[in-house]
Amino acid sequence: MSTTPSLRVALIAGASLALLAGCGNSSDSDSDGKNAGGSSSSSKVTVVASTNVYGDITEQIGGDKVDVTSIISDPDQDPHSYEASTHNQLALSKAKVVIENGGGYDDFVDRMLKSSDNSGAELINAVKVSGKTAPEGEELNEHVWYDFPTVSKLADRIAAALGKADSANADTFTKNAEAFKKKLTALETKEADIKKAHEGEGVGITEPVPLYLTEAAGLENKTPEEFSEAIEEGDDVSPKTLQETLKLYSDKEVKALVYNEQTSGPQTEKVKKAAEDAGISVVPVTETLPEGKDYIGWMTSNVDALAAALNK
């Protein structure tokens, strides 16, 4: 978001490296054997992604020719309270390609990249690749990794950046991107099937995270904008707005609640309970990859869970 990013970070603009050193708890991708310090075989293209969503997409395209560090990779971590670390700064200083979401979601990447003095890294901004802009008088929904046409464009952009860094394997990156995009097409077909069966039906959300998916499926978001915006910004929801939201479920005006598991709190828990009490299916979603899933498997599960909830 332009004022208070969806991805709230403890790192502020102009923070010094000394301050970064004090943030000891990071979500580096060491568990995957990819050192967050950026050490890798010199024959591989070093890539830093703001989240493991973009990290995984890069690995699908780059295969064993890339060494990827995902700054946020813990599926149990709330991205809204992320704290950056000096390990991330070091990884960025060595990266040839950097992938961020943009749109205010992960501004810390720009600040850290600037501090790392790595002007040679090619920066890919997913929101810019998407070409999406905020509707007049509204804010942009920056969660573009839930928009499959955007991810398809991003795959081409990543393949081009990797090919520039490693021209000998450029054809391989392009072929891998094409194979990845075919899987995205299958997901778009699933969305179209939902739209054919359920177009115009109502759903509820807790945050705008899944809206590109639900909109592509032809569903109408019934949640008051004041509720989802307050939750995304970390603000309290007014009693009136909360009651309006809860009434959606007691009156069964929606067929499903699409619930962001990573940013739950007392007010979203009340909404979840209201849905469950009314016998309305809850479809959990997250902002980062769940453990053991790749991007395609994750999104397939999300789309299938939404279809199953609507078919109840």
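**Exercise 1. The largest pocket**

Which elements each supply at least two residues of the lining of the largest pocket? Describe the pocket as well.

*Solution.* First, the ground rules. This is a predicted model, in which local features need pLDDT of at least 70 and side-chain atom pairs count only at pLDDT 80 or more, while totals for chains, interfaces and linings use all residues. Residues are numbered from 1 along each chain as its sequence is written, and side-chain values use heavy atoms, with hydrogens and water left out.

Step 1: On a 1 Å grid over the protein atoms alone, a cavity is a set of points where a 1.4 Å probe fits but cannot get out; a pocket is an open set with protein on both sides within 12 Å along at least five of seven lines; lining residues have an atom within 4 Å of a point. Grid points are joined across faces, edges and corners, and a volume is the space filled by probe spheres set on the points. Helices (H or I, at least four residues) and strands (E, at least two) are DSSP runs, numbered from the N terminus.

Step 2: name the elements. They are α8, β6 (220–221) and α9. Helix α9 gives the most, with 4 residues.

Step 3: The largest pocket has a volume of about 420 Å³. It is lined by 21 residues, and Glu138, Glu139, Asn141, Pro208 and Leu211 are the closest to its centre.

Step 4: sort by class. Ala, Val, Leu, Ile, Met, Phe, Trp, Tyr, Cys and Pro count as nonpolar, Asp, Glu, Lys and Arg as charged, and the others, Gly among them, as polar. The pocket lining then divides into 8 nonpolar, 5 polar and 8 charged residues.

**Exercise 2. The largest cavity**

*Solution.* Step 1: search the whole structure. There are 2 cavities of 30 Å³ or more. The largest holds about 40 Å³ of space.

Step 1: list the lining. It consists of Pro210, Leu213, Thr214, Val258, Val283, Val285, Asn302 and Leu306. Two or more of these residues come from each of α8 (211–216), β8 (281–285) and α12 (295–310).

Step 2: count classes. The cavity lining has 6 nonpolar, 2 polar and no charged residues.

**Exercise 3. The sides of α11**

*Solution.* Step 1: apply the cut-offs. Buried means under 20% relative accessible area, exposed over 50%, partly exposed in between (1.4 Å probe, protein chains only). In α11, Gln267, Thr268, Val271, Ala274 and Ala275 are buried.

Step 1: Turned away from the buried side, it carries the exposed residues Pro266 and Asp277.

Step 2: find the cover, with contact meaning heavy atoms within 4.5 Å. The cover includes α9 (225–233), α10 (239–250), β7 (256–260) and β8.

**Exercise 4. Positive phi**

Locate two residues other than glycine with positive phi, and classify their exposure.

*Solution.* Step 1: Asp117. Its phi is about 60°. Asp117 lies in the loop between α4 (108–116) and β4 (122–125). At 67% relative accessibility, Asp117 is exposed.

Step 1: Lys252. Its phi is near 55°. Lys252 is in the loop between α10 and β7. Its relative accessible area is 56%, so Lys252 is exposed.
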